[in-house]
Amino acid sequence: MSNSIRSSTEDSDMNIEYKFKIMILGETAVGKTSFITRYISDTFGEKYLCTIGIDFRDKIVERNNKKIKLQIWDTAGQERYRNVAKSYFQASHGFIIAYDINNRESFKQVKYWVEQIKSISDESTKCILIGTKCDLDKRKVEENEVDDYAKKLGYKFFETSAKLNINVKETFDCLLDDILLNYKEKKRNSVMLSSKKIKKQKKKCC
């Protein structure tokens, strides 16, 4: 497991209204770390060391007038670390699955990550599929093909570039909107169920 796990903010911030955990999944070298770094600090480096095991970074954002703390987990894509990554899936509010549009094999492996998410999460868990490195002219995966595949899964889909900052913030904003909507729906359903239980209890007392 990586020794570089760190937190950039303290949980004691009283203004934070929500805290959400997001996992970034995909094969090694598809650009997950670059994608996260561009979103967190708006920077890009030509070279990054491969993530070992798992790592996370925090970011506080404002969305729909809500202050939200995101805990963004960067997972290693190597096969030997897959079980380590899966052990952190629990309690995740959303997933981003990444593949490199210039690497056909990385797209083929998306199915594996989809199956892993389904095996441990409920149907309401929000997921987005992203094709990385769209700035490169070496395309091996067509956008229309992935768009159709994402629609069948019920996922949103973006082609992105961490280097040119294409659709990085947009991906997170879209996922965050879906998570917030899902959170509100679950909360509303919970209130409705509680209300029904109270009504039933009152009827039994009469």
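This is a predicted model: local features need pLDDT of at least 70, side-chain atom pairs count only at pLDDT 80 or more; totals for chains, interfaces and linings use all residues.
Which side chains meet in a salt bridge at 3.7 Å, N to O? They are the side chains of Asp58 and Lys69. A salt bridge here is a side-chain nitrogen of Lys or Arg within 4 Å of a carboxyl oxygen of Asp or Glu.

Residues are numbered from 1 along each chain as its sequence is written, and side-chain values use heavy atoms, leaving out hydrogens and water.

The structure holds 11 salt bridges. Asp58 sits in strand E2 (residues 54–63) and Lys69 in strand E3 (residues 66–75), so their pair ties together parts 11 residues apart in sequence. Helices (H or I, at least four residues) and strands (E, at least two) are DSSP runs, numbered from the N terminus. Both Asp58 and Lys69 are buried. Buried means under 20% relative accessible area, exposed means over 50%, and partly exposed is in between (1.4 Å probe, protein chains only).

| Pair | N to O distance |
|---|---|
| Asp58 and Lys69 | 3.7 Å |
| Lys151 and Asp147 | 3.4 Å |
| Lys169 and Asp173 | 2.6 Å |

Now look at helix H5 (residues 143–153), where Lys151 and Asp147 lie four residues apart, about one turn of the helix. Lys151 counts as exposed because its relative accessibility is 58%, and Asp147, at 28%, counts as partly exposed.

Helix H6 (residues 168–205) holds Lys169 and Asp173, also four residues apart, about one turn of the helix. Lys169 is partly exposed at 47% relative accessibility, whereas Asp173 is buried at 12%. Salt bridges that share partners join Arg63, Lys169, Asp173 and Asp177 into one network.
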